[in-house]
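Here is my note on the model you asked about.

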Amino acid sequence: MAMTLTSTVFVHEGGIPERHTCDGADISPPLTFGDVPKTTGSLALVCDDPDAPAGVWDHFVLYNLSPATPGLPEGLHSAERYPDGSMSGRNSWGRCGYGGPCPPRGVHRYYFTLYALDAMLDLAPGATKGELLRAAKSHILASATLMGRYQRKGR
């Protein structure tokens, strides 16, 4: 079976609710992980917007999550390091934690990608998405993607 990444608040290619954007509470959506490979050593998650005018904009970077993690709750608080040992990387705003969709104009796509890795990554808290992907490159066992769309009212 293929690994899955789903949310209870939007479907793949559907609209991301305003609550999870800069126009709402700007909190992370709940996410559910499924069919994680048995040999997984850790999980990593990134969310990015390839439609941003300045190039790909990173909204969320998490790594070294336990492979037993069933998902993420809505409104995961921002922290560099979580009690379970997982870590938050820096988004394109230069801060750790989730930054919701906030497109300047038009409909943008937001890709949440979950990676199953065969090891924990030797990264300090605050790593960028690029640093995470370079460290993970030879360790990826599987991945799953959930894409949502958002357009600000009147833009």
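The points below go from the sheet to the salt bridges.

1. This is a predicted model: local features need pLDDT of at least 70, side-chain atom pairs count only at pLDDT 80 or more, and totals for chains, interfaces and linings use all residues. Residues are numbered from 1 along each chain as its sequence is written, and side-chain values use heavy atoms, with hydrogens and water left out.

2. Six strands form an open sheet with mixed pairing, in the order β2-β9-β8-β4-β5-β7. Its edge strands, β2 (14–15) and β7 (87–88), each pair on one side only. Strands are DSSP runs of E, at least two residues, and helices runs of H or I, at least four, numbered from the N terminus; two strands pair if DSSP finds at least two bridges between them.

3. Strands β4 (residues 42–49) and β5 (residues 57–65) run antiparallel and are joined by six bridges. D48 stands opposite D58 in β5.

4. The whole structure has six salt bridges (a side-chain nitrogen of Lys or Arg within 4 Å of a carboxyl oxygen of Asp or Glu). One of them joins K129 to D48, with the closest N and O atoms 2.8 Å apart. K129 is in helix α1 and D48 in strand β4, 81 residues apart. D48, D58 and K129 are linked in a network of salt bridges.

5. K129 is buried at 13% relative accessibility, and D48 is buried at 14%. Buried means under 20% relative accessible area, exposed over 50%, and partly exposed in between (1.4 Å probe, protein chains only).

6. K153 forms a salt bridge with E18, the closest N and O atoms being 2.6 Å apart. K153 is exposed at 67%, whereas E18 is partly exposed at 33%.
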